[in-house]
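Thanks for coming, everyone. Let's look at one residue first, and then at the pockets.

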Amino acid sequence: MKSRFKFILGYGVLIFLGICEGSIFIKKPSFFNIFLFIFIFLMFYILLWVETYNMLVNELKVEKYISRLKRIFKFLLTKESKNIILINLFTAYLFLNSEKDFLSYIDIIEITKKTPKKVKYVYYYNLAAYKLSINEKGEARKIFDENIKKEESLLGILLNYENNPEQKIVKLEKLLLKQKVELSKIEVKFYLGEVYEQIGNLKKARRFYNEIAEKKSDIYFVKVAKEKVLELSLKNKEM
């Protein structure tokens, strides 16, 4: 609620400043007033992007995030900017585990020399994550080695410590402490729950799954975590 209020306040301030600057420009046109008006517009645009990103990483509202991206897409003119939106949509559908929608973007996304490095990283990271999720480990490793190469990332840990659960736990718990946004925390907690479940520590597994299941979100991790909490609770009663 606090972040939502901040964004509303930010929009309100910028709209007010825009109206004031517009009225001043009508009375006294100048290059300085034009510059200020453009600056206010850019601040509004940046705030829009920050708020949209926040929908995904902190509010955890994937469907709402997708809807906003599709509206923004309609107003974009350049191929490069539209491609960035497509990559963000590609990522969002992965968090919904909507395989059909996710795969539909692979053929239309174009990675070129003009694609920003961070955007390329997001694309290849999520493509490798998808390959790992469908057990195409060799392909996931190839994409990771060629385009990501961050061994301490979540994907790097999952690939490098697949057969070493104890070390995987150490790495994941260290990674969890570094996470600042809710989405990243949920991802790491989910895999911690998974690896604790694999080694038979159901108490800790249930703790991590519980923390995820409490979230009000349409993210796939939350759905699976709720199922896991129920499953592990039943196992606990049988023991």
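Leaving aside its neighbours within four places in sequence, which residues is Thr 52 in contact with? They are Tyr 65, Arg 68, Leu 69 and Ile 72. Keep in mind that this is a predicted model.

So where is Thr 52? Find helix α2, residues 31-57; Thr 52 lies in that helix. Buried or exposed? Thr 52 counts as buried, because its relative accessible area is 0% and the cut-off for buried is under 20%. Its side chain has a polar atom 2.7 Å from the backbone oxygen of Leu 48.

Now the pockets. Start with the largest. Its space comes to about 1100 Å³. The lining has 29 residues. Nearest the centre are Tyr 53, Val 57, Tyr 121, Val 122 and Ser 184. Which helices supply at least two lining residues each? They are α2, α4 (79-95), α6 (117-133) and α10 (182-198). Helix α6 gives the most, with seven residues. By class, the lining holds 18 nonpolar, seven polar and four charged residues.

On to the second largest pocket. Its volume is about 800 Å³. Here 29 residues form the lining, and Ala 129, Leu 132, Ser 133, Tyr 191 and Phe 221 lie nearest the centre. Two or more lining residues come from each of α4, α5 (99-106), α6, α8 (154-160), α10 and α12 (220-238). For this pocket, α6 gives the most, with six residues. The classes here are 17 nonpolar, six polar and six charged.

That's the tour. Over to you for questions.

Key:
Residues are numbered from 1 along each chain as its sequence is written. This is a predicted model: local features need pLDDT of at least 70, side-chain atom pairs count only at pLDDT 80 or more; totals for chains, interfaces and linings use all residues. Side-chain values use heavy atoms; hydrogens and water are left out. Helices (H or I, at least four residues) and strands (E, at least two) are DSSP runs, numbered from the N terminus. Buried means under 20% relative accessible area, exposed over 50%, partly exposed in between (1.4 Å probe, protein chains only). A polar contact is a pair of N or O atoms within 3.5 Å; within protein, one must be able to donate a hydrogen and the other to accept it, and residues adjacent in sequence count only if both atoms are side-chain atoms. Contact means heavy atoms within 4.5 Å. On a 1 Å grid over the protein atoms alone, a cavity is a set of points where a 1.4 Å probe fits but cannot get out, and a pocket is an open set with protein on both sides within 12 Å along at least five of seven lines; lining residues have an atom within 4 Å of a point. Grid points are joined across faces, edges and corners, and a volume is the space filled by probe spheres set on the points. Ala, Val, Leu, Ile, Met, Phe, Trp, Tyr, Cys and Pro count as nonpolar, Asp, Glu, Lys and Arg as charged, and the others, Gly among them, as polar.
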